[in-house]
Amino acid sequence: MTSPKGSRAQKLKLPTLTRKGTLEVPSPTEDWSKDDEEDWVFKGPDQEQDSLPQPYRMINKLVNFLFDHSWEIIEERDASRKAELSRIQPTIYPPLLESKLNKMPNCMAISQDYVFIGGTKGFSIYNLYNAKRIYVWEKLKVDVTYIWATDLGSEILIASVDEMGIIRLFYFYKDGLYLIKAINEADDTSKQTTCIKVEISEGGDFAAFLLQGAGDIWLDVYKLPKESWLKEVEHLQLTINPKKKVRQLQLNTLDPVTADNLEMDINISFRGDVKLSLPVYIMKIKPPKPVAGTTFKSPLEVFAKIEDCCGLGSGQNHFIKDSQWERQAAIFNATFRKYLDGEWEEELLSMATFHFLLPSCIIAMPVEVKSPPGVACVIGVHWTGSHNFFLYSLNRTLKDKVDPEGVWPCAAPIAVSQLSCCCSYLVLACEDGVLTLWDLAKGLSLGVIALPERCFCQSIHFLKYFLVHKGQNMYPEGPVKSQMKCVVLCTDASLQLVAATETQRPTLSVLVERPVKHLDEAICAVAPVQALPGMVLIFSSNGSVHLMDVAKPQIVCAFAPPRSYHLAVPWKPVFVVSLHHPCFLLRGDHPDEIGSASQAEDIPNSIFYFNFEAYPLLEQISRNCTIPQANVLDDTTFPQVLPLEERCENFFQKRFRKLVKNKVKEQEYWTRLQRYSSLLQRENLNK
């Protein structure tokens, strides 16, 4: 792409003196050194080249740029490949069981010894231990997208949501499945509402459903008559066949199964003709109204409005006029005009996050209200963009006025909240990355801690409190008070560990850094493992599943389905971790059939069962995960585990034992001294 200088007809060409590198015009005062002589070389005139004319010069630059850029990519990939080979790969464990399904499962839930899988036109019930299908309920025209299962003791409450957003409650007892009610099903499709979220209280005494329809959104709260359900079902079974005995599941069988031997284990029947007691509708909670100008004419009216302290702190009762709001908005817009110009976001529909809270001294309740221990008495709600966490009493009827009994205001809008499984701890994460930690059982705040800069909370996952004893994570025997640990998944795919105690400030440690080079390793889901102390499952966007020890922190092992399967949607895996069994279930899809299948339900899918106790590396951790309380008391590194009263009592007991021991030693010393002196006196008398 270059042309030699001069004409071919020219016979004689003299050599020229050319300087290496680019030519520069020296300054008049520049000192010429002898080293510059080496920069000059003799070059033949035929070797000199002219610059290319346009457009060939531009094409030449583009080609050189492509070659340079390609070479940089090759070097980067080669370096990453070498780094990948040099990294220590964790042990990968295959699944213990596989259940092949003919239809795609959309969701899963575990309760007691059963697995509930929602899919096409209904859901199925499986045995957790041998993956055998027990019953199939397919009476819908659409798919089930979400499913929940709550343990009520000897029975199970099932809640399912289909593609139309209709929520249905089922009651599963022994060999019978009963439909309680379709909560929001309407005869007129134009008035049909959609269920967005479902929350059932611990023990199944209350249920709340977030519904949307006609441009509005609200929260419906129900009281569940579970005692009446049990009496009605037991009476029905005794009436039908009083001598019938239900054959229980044969558990602890771990033989592999396939679709060919998925047979019915027990005879479960659907009792659609049986009508159980309906849930009692107690209140409807709407989003708080936006703060606007006051309608009060004097401050006395404001104080009269809040004399009962209901809603105090919500910002609704104030004495700020519309003109003051408008003046403040004008000043704000004028000050930050350059940041506001051209920015406009569509206002999203407000969403709610809600939790059922147990009685505690931090929640103010009327004196006449007495809730049984272990039964929820308050529902806590916060809405999108709101600074306030509202508390509503559950001891009310539909006729009562729906006003919050308490308001917890925060410095910034609440983005995420999470309640622990024991309902003792609550974490409120604001949009500015600040976490507020609450001990609801004792009624105190465990502290406030901020995430790193430009790091915001995406989800919070509580860990059962554990100790590190001789290099191994262990659960302390007996109850632990005012001690909490949780992992926080941030929006930048980093993972943080938050620990807080009653006597120490909360601490924050990084478990997984934000991925910079390997973006496919970004964390998309996290799930704590109750059977393994201090362990969490990490699901990455590349489809990998790892088990991490948060105390070290390091990857312990990995889990993967067979090579012929993979996760069809790795950034949104379908899985469920059992709270009371050492196992988790994961959905896998066959990659060779995805492209050839005409519909999603025709794709062959499998549910893979991973049992932690079946793997040598995790078997001992799962079976020996509790430390006796005596070892905790003797070990001086664990004083903060016990409550303050027990710590003081143990301190005084040890001190008393030490004093008694010293007193005994002192008495023995004086006794020996007296004996020695008496012997000396006898010897002197004998002499």
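**Figure 1. Residue classes in the lining of the largest cavity.** Ala, Val, Leu, Ile, Met, Phe, Trp, Tyr, Cys and Pro count as nonpolar, Asp, Glu, Lys and Arg as charged, and the others, Gly among them, as polar. On that scheme, the lining of the largest cavity has 11 nonpolar, 2 polar and 1 charged residues. The model is predicted: local features need pLDDT of at least 70, side-chain atom pairs count only at pLDDT 80 or more, and totals for chains, interfaces and linings use all residues. Residues are numbered from 1 along each chain as its sequence is written, and side-chain values use heavy atoms, without hydrogens and water.

Figure 2. A cavity is a set of points, on a 1 Å grid over the protein atoms alone, where a 1.4 Å probe fits but cannot get out; lining residues have an atom within 4 Å of a point. Grid points are joined across faces, edges and corners, and a volume is the space filled by probe spheres set on the points. The whole structure holds 3 cavities of 30 Å³ or more. The volume of the largest is about 120 Å³. Its lining has 14 residues; Ser99, Asn127, Ala131, Leu585 and Ile607 lie nearest the centre.

**Figure 3. Strands around the largest cavity.** Strands (E, at least two residues) are DSSP runs, numbered from the N terminus. E4 (97-101), E6 (114-119), E7 (122-127) and E38 (605-611) each supply at least two lining residues. E4 gives the largest share, 4 residues.

**Figure 4. The second largest cavity.** Its volume is about 40 Å³. Lining residues include Phe462, Tyr475, Pro528 and Met535. Strands E26 (457-463) and E32 (523-529) each supply at least two. By class, the lining has 8 nonpolar, 2 polar and 1 charged residues.

How values were computed:
On a 1 Å grid over the protein atoms alone, a cavity is a set of points where a 1.4 Å probe fits but cannot get out, and a pocket is an open set with protein on both sides within 12 Å along at least five of seven lines; lining residues have an atom within 4 Å of a point.
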